[in-house]
Structure formats: C-alpha cells, structure tokens
Amino acid sequence: MFTIEHDFDATVITLVDEGAAPLQEDVTVQGFEDCVVLEQLDTRRDDVVRITLSMAQVRELAAALNLPEGVYRLKPKS
C-alpha cells in the first residue's frame with residue numbers, strides 16, 4: 001500500500017510494507033524541485049535514516065529498475 005500527498009514544496013509518497021513477516025518500517029519519499037529524500041525509521045537505533053538523491057541519481061535509478069545486470073551511462077538529453 002502507498003499514499004501520495006501534495007505539500008507546498010514537495011510531493012510525499014509513503015510506502016507501507018504489507019507483505020509477510022518480518023515487515024519493514026514505512027518508507028517516506030519526498031520529491032522536491034532539486035532532489036528526492038528517502039526516510040525510514042531504524043528501530044535498532046531509534047533514529048530516522050535519511051538519503052538524499054539528486055535528480056540525476058533519480059533518473060538513473062528509474063532507468064536501472066528496468067535494465068538487466070550490467071554497467072550503464074545515460075546519454076544526456078540533446
């Protein structure tokens with residue numbers, strides 16, 4: 001399950017793990033104009049882990065999800 005909310009400066013997607021146990025904590029994805037921030041609670045440390053991706057990294061990640069194993073470089077838009 002996931003939710004989508006539109007805030008003033010970001011689109012926020014929350015991914016809820018509903019699979020079989022063991023379940024993971026919810027993941028929050030915040031899409032800003034210049035970056036995407038992923039957050040998830042680390043229950044071992046009782047702290048939120050935050051990863052910030054540039055928009056170039058997001059584009060490469062999106063491309064990688066549909067490619068077989070290998071090394072790739074995206075061509076810049078002309």
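## The hairpin of strands 3 and 4

In this predicted model, strand 3 and strand 4 form a hairpin, with 3 residues between the two strands. Strand 3 covers residues 27-31, and strand 4 covers residues 35-42. The two strands run antiparallel and are joined by 5 bridges. One of the facing pairs can be named: V27 stands opposite Q40 in strand 4.

## The sheet around the hairpin

An open sheet is formed by 5 strands in the order 1-2-3-4-5, and the pairing is antiparallel. Strand 1 (2-6) and strand 5 (47-54) stand at the edges. Each of these edge strands has a single partner strand, so one side of each is left without a neighbour in the sheet. From one strand to the next, the twist averages 15 degrees.

Strand 1 and strand 2 (residues 11-15) run antiparallel, with 5 bridges joining them. Within this pair, F2 has L15 in strand 2 as its bridge partner. Strand 2 is in turn joined to strand 3 by 5 bridges, and these two strands also run antiparallel. Here T11 stands opposite G31 in strand 3.

## The chain as a whole

The chain has 1 helix and 5 strands. Read from the N terminus, its elements run β-β-β-β-β-α. The radius of gyration of the chain is 15 Å, well over the 12 Å that the globule rule gives for 78 residues, so the chain is more spread out than a compact globule. Along its principal axes, the C-alpha trace spans about 45 × 35 × 25 Å.

Two further values describe the chain. Of its 78 residues, 14% are buried. Among contacts between residues at least 6 apart in sequence, 0% join residues at least 24 apart.

## The helix

Helix 1 is made of residues 55-64. This helix lies across strand 4 and strand 5, and runs at about 90 degrees to strand 5.

## E39 in strand 4

E39 is found in strand 4. The relative accessible area of E39 is 18%, and because buried means under 20%, E39 counts as buried.

The side chain of E39 is joined to the side chain of R50 by a polar contact of 2.7 Å. Leaving aside neighbours within four places in sequence, E39 is in contact with D26, V27, T28, Q30, V48, V49 and R50. Among these contacts, V27 is also the residue that stands opposite Q40 in strand 4.

## Salt bridges

A search of the whole structure finds 4 salt bridges. Side chains of opposite charge can pair when their charged atoms come close. A network of salt bridges links D42, R44, R45 and D47.

D42 takes part in two of the pairings described here. Its side chain meets that of R44 in a salt bridge, at 3.3 Å from N to O. D42 also forms a salt bridge with R45, where the closest N and O atoms are 3.4 Å apart. R45 then pairs with D47, the side chains meeting in a salt bridge of 3.6 Å, N to O.

D42 is buried, with a relative accessible area of 13%. R44 is exposed, with a relative accessible area of 76%. R45 also counts as exposed, at 53% relative accessibility, because exposed means over 50%. D47 counts as partly exposed, at 39% relative accessibility.

Note on methods:
Residues numbered from 1 in each chain as written. Predicted model: local features only at pLDDT ≥ 70, side-chain atom pairs only at ≥ 80, totals over all residues. Heavy atoms only, no water. Helix = DSSP H or I, 4+ residues; strand = E, 2+ residues; numbered from the N terminus. Buried < 20%, exposed > 50% of the residue type's maximum accessible area, 1.4 Å probe, protein only. Polar contact = N/O pair within 3.5 Å; in protein donor to acceptor, adjacent residues only side chain to side chain. Contact = heavy atoms within 4.5 Å. Pairing = 2+ DSSP bridges. Axes fitted to C-alpha atoms, helices over the stretch in contact; angles between N-to-C directions. Rg over C-alpha atoms; globule rule 2.2 N^0.38 Å.
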